[in-house]
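The entries follow the order in which I went through it.

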Amino acid sequence: MHNWLAYVTDLARERRTTDLQSRFIRILVSELKLRKGMLLVPSCDGRQLVCHSSGESWSVTDFDTPFAHVLQNATTKHLVAEDIVYWQSNRAFSKAIGDLGLFEAVSIRPLIRHDRHVKLLLCLIGDDQTLSSLWNDASFLQVLDVFEHQWSLLNEMEGEESNRRALKASLTDIEKQTRQQERAASLSSTLIGDSTLMRRLREQIANAASSQLSVLVQGETGSGKELVARAVHDLSPRRHQPFIPINCAAIPEHLLESELFGYEKGAFSGANIDKEGLIAQANGGTLFLDEIGDMPMSLQAKLLRVLELGTFRPVGGSRERQSDFRLVSATHVHLLDNVKTGSFRQDLYYRLLQYPIHVPSLAQRKEDVRQLSYHFLDRFNHQHGTRVGELQPDALDMLLSYSFPGNVRELKHLIEYACAQTPDRESISIATFSGRISNGQPVSGSSNVQSMPIGYTNGASTADSVLNIDAASIADLKQALHDFEQRIITDRLSQFDGDKSKAADSLGIPRRTLTYKCRKLEIKAP
């Protein structure tokens with residue numbers, strides 16, 4: 001005679017379904033001296049029956065096992081040794097049951113809640129007579145009823161808790177998504193445009209800012225890559241720390257290393273004091289490397305080491321220093337092409353490419369030209385205290401038909417140029433663009449240089465101008481050479497629509513040298 005009621009308190013004490021199931025099976029196996037006991041629980045999708053302890057599973061539609069029959073018919077199956085032969089074809093079932101002895105049986109009983117849906121299958125393997133008489137034992141059936149009631153209660157409570165967690169996670173996701181949308185919308189005052197491409201760009205920036213991944217900003221010259229880089233910083237957790245920009249193409253190679261890493265006193269001639277580099281200055285904040293495609297190979301290896309280890313060594317230094325910064329880099333060239341030609345390290349390329357952002361050209365988002373034009377017009381009026389009116393329809397149509405090889409920067413200069421020629425309270429006419437655009441194309445030879453160099457014939461090409469220099473009229477050789485070099489570089493940049501690489505190749509000088517000269521001579525690419 002089994003004292004089943006003694007176990008009621010133990011079962012009622014459990015507060016998790018998994019613990020309740022394990023304790024219930026241990027009681028049955030111990031009290032009835034069974035070889036094995038299992039509880040089969042339907043999976044979340046209802047397609048599988050999963051063993052509570054081993055994780056073994058059987059499909060609810062696999063009628064090669066008695067489990068599926070018991071589940072569908074909601075009736076108990078009692079199988080003796082000769083019955084088991086019929087189910088031997090299912091290897092998973094055979095393995096779970098094992099070799100059945102002559103006096104053993106397998107008893108499978110559905111455990112049913114008040115809604116008459118089967119929630120559990122109880123499978124017991126042991127002595128045939130013990131199992132046969134078990135279902136007629138009133139005391140055991142009372143214990144079974146307690147187990148079913150407790151399991152249903154705990155299962156319902158866990159379901160409610162699961163729903164609460166899911167709801168909380170859902171609300172968290174919605175809040176996060178809302179914050180991301182708000183952050184992206186906050187960029188609309190600096191990254192102007194309501195086109196699909198610009199909305200997508202602002203969303204990418206908001207997503208990139210919330211991570212700690214290195215960001216690679218790619219886009220044509222004048223498209224606004226530095227604005228994107230600064231926006232990534234301003235929306236990130238590092239926004240209250242420094243944003244340190246540097247143009248890798250504008251600094252000569254022999255100076256770039258000391259600018260980045262700094263140097264210690266005595267490192268080289270002229271190093272009279274210690275100087276903190278930009279990497280150290282960016283500690284806690286963001287380091288922005290513009291035109292990173294022009295970084296020398298020797299520095300690429302050192303930069304990669306800093307990114308991997310977070311440590312660096314100043315020029316002439318003897319010990320490592322640490323800097324915790326977020327790297328944002330930008331380039332107008334296709335870095336992968338440079339990787340293929342061997343001018344850029346492949347390992348550094350993929351380290352930079354953790355979060356790529358592409359900035360669309362203005363030609364790809366012509367629907368933003370009107371909004372951008374009025375933004376630059378308002379800014380010009382505010383900065384200069386003027387009241388230039390709106391653009392006349394034909395002037396706006398000309399801008400909309402223009403290809404803008406110089407992107408947003410070129411549009412900004414065009415609007416400023418037009419505003420400077422338009423009297424207060426008058427609207428901008430198409431005539432104000434006549435010196436810069438003709439029939440939707442840039443006027444040949446237009447440039448940002450305001451005056452012709454000494455000895456040049458107005459309107460002549462560079463080659464012709466060289467022949468027309470009046471050597472006798474030169475009173476300042478240094479200024480004449482300055483103006484001559486300025487004019488040649490300006491015309492060549494105009495010829496190649498601001499592409500410094502092509503301009504440098506045509507002049508037979510490295511791109512870095514051309515960039516340095518542009519900075520020295522105050523030449524802006526068209």
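I began with the contacts of Gln150 in this predicted model: setting aside neighbours within four places in sequence, I found Gln150 in contact with Leu11, Ala12, Glu14, Arg15 and Leu20. I placed Gln150 in helix H7, which covers residues 138-185, and I noted it as buried because its relative accessible area of 9% falls under the 20% cut-off.

Next I turned to Leu167, which is also found in helix H7 but is exposed, with a relative accessible area of 51%. I noted that Leu167, Leu171 and Ile174 form a nonpolar patch on the surface, and that together they have about 280 Å² of accessible area.

I then went through the aromatic rings, for which the count comes to 9 pairs. One of them is Phe24 with Phe147, a stacked pair at 4.0 Å centre to centre with 10 degrees between the planes. Since Phe24 lies in helix H2 (residues 17-32) and Phe147 in helix H7, this pair ties together parts that are 123 residues apart in sequence. I recorded both Phe24 and Phe147 as buried.

Trp58 is buried at a relative accessible area of 3%, and Phe67 counts as buried at 0%. Finally, I noted that ring pairs link Trp58, Phe67 and Phe93 into a cluster.

Definitions and conventions: Residues numbered from 1 in each chain as written. Predicted model: local features only at pLDDT ≥ 70, side-chain atom pairs only at ≥ 80, totals over all residues. Heavy atoms only, no water. Helix = DSSP H or I, 4+ residues; strand = E, 2+ residues; numbered from the N terminus. Buried < 20%, exposed > 50% of the residue type's maximum accessible area, 1.4 Å probe, protein only. Contact = heavy atoms within 4.5 Å. Patch = residues over 30% accessible without salt bridge, like charges linked within 9 Å, V, L, I, M, F, W, Y side chains within 5 Å. Areas by Shrake-Rupley, 256 points an atom, 1.4 Å probe, with all protein chains shown as cover. Salt bridge = Lys/Arg side-chain N within 4 Å of Asp/Glu carboxyl O. Phe/Tyr/Trp six-rings, centres within 6.5 Å; stacked < 30°, edge-to-face > 60°.
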